[in-house]
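My notes follow in the order I made them.

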Amino acid sequence: RTHGRRETAKGLRGLLIDADQPPPPGAELFDDDGKKVGEITSSARSFALDRLISLGYVHRRHLAPGTEFALKQGGAELGRAELVELPFIKK
């Protein structure tokens with residue numbers, strides 16, 4: 001959906017994940033106030049970065065690189081996520 005300014009409500013962004021396992025699709029992102037601001041679409045382990053990475057939709061008010069989120073599924077805390085610019089690896 002777009003608003004009067006032709007902006008979409010959410011944008012697909014890259015996330016660096018600080019957790020034990022890759023978050024499943026549908027895992028939710030929460031801001032520091034506990035408000036849901038996005039969700040994970042896919043996750044994998046990056047061998048080039050030696051860490052977990054994800055793609056996810058994030059609300060447009062939270063698209064600044066470096067923004068951190070709590071990562072939850074079904075109310076259970078899975079870890080933390082940090083928004084980064086894509087591509088994950090720049091040449």
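**Salt bridges**

I began with Glu28, which is partly exposed at 24% relative accessibility. The model is a predicted one, and I read every value below with that in mind.

I looked for the partner of Glu28 and found Lys36, in a salt bridge whose closest N and O atoms are 3.4 Å apart. Lys36 also counts as partly exposed, at 37% relative accessibility.

Next I took the pair Asp32 and Arg80, whose side chains meet in a salt bridge at 4.0 Å, N to O. Asp32 lies in the loop between β2 (28–30) and β3, and Arg80 lies in strand β6, so this pair ties together parts that are 48 residues apart in sequence. I checked exposure at both ends. Asp32 is exposed, with a relative accessible area of 68%. Arg80 is partly exposed at 29% relative accessibility.

I then found Arg80 in a salt bridge with Glu68, where the closest N and O atoms are 3.6 Å apart. Glu68 is partly exposed, with a relative accessible area of 42%.

I noted one network as well: salt bridges that share partners join Glu28, Lys36 and Glu39. How many salt bridges does the count come to? I got four.

**Rings**

I searched for aromatic pairs, and the count came to zero. I did find a charge over a ring: the charged end of Lys72 sits over the ring of Phe30, 5.1 Å from its centre.

**Nonpolar core**

I listed the largest nonpolar core, which has 12 residues in all. Its members are Leu15, Ile17, Ala27, Leu29, Val37, Ile40, Leu52, Val58, Phe69, Leu71, Ala81 and Leu83.

**Ser54**

I placed Ser54 in strand β4. Is Ser54 buried or exposed? Its relative accessible area is 2%, and the limit for buried is under 20%, so Ser54 is buried.

I looked for a polar partner and found Ser43, whose side chain is joined to the side chain of Ser54 by a polar contact of 2.6 Å. Leaving out residues up to four places away in sequence, I listed what Ser54 touches: Arg13, Gly14, Leu15, Ile17, Pro23, Ile40, Ser42, Ser43 and Phe88. Among the members of the largest nonpolar core are Leu15, Ile17 and Ile40, and Ser54 touches these three residues.

**Ser46**

I turned to Ser46, which lies in strand β3. Ser46 counts as buried, at 10% relative accessibility.

Which backbone nitrogen lies 3.0 Å from a polar atom of the side chain of Ser46? I found that of Leu49. The side chain of Ser46 also reaches the backbone nitrogen of Ala48, at 3.5 Å. Not counting residues up to four places away in sequence, Ser46 touches Arg51 and Ile53.

Key: Residues are numbered from 1 along each chain as its sequence is written. This is a predicted model: local features need pLDDT of at least 70, side-chain atom pairs count only at pLDDT 80 or more; totals for chains, interfaces and linings use all residues. Side-chain values use heavy atoms; hydrogens and water are left out. A nonpolar core is a set of buried Ala, Val, Leu, Ile, Met, Phe, Trp, Tyr and Cys residues joined through side-chain atoms within 4.5 Å. Buried means under 20% relative accessible area, exposed over 50%, partly exposed in between (1.4 Å probe, protein chains only). Helices (H or I, at least four residues) and strands (E, at least two) are DSSP runs, numbered from the N terminus. A polar contact is a pair of N or O atoms within 3.5 Å; within protein, one must be able to donate a hydrogen and the other to accept it, and residues adjacent in sequence count only if both atoms are side-chain atoms. Contact means heavy atoms within 4.5 Å. Rings of Phe, Tyr and Trp (its six-membered ring) pair if their centres lie within 6.5 Å; planes under 30 degrees apart count as stacked, over 60 as edge-to-face and the rest as tilted. A charge sits over a ring if NZ of Lys or CZ of Arg is within 6 Å of the ring centre and within 35 degrees of the ring normal.
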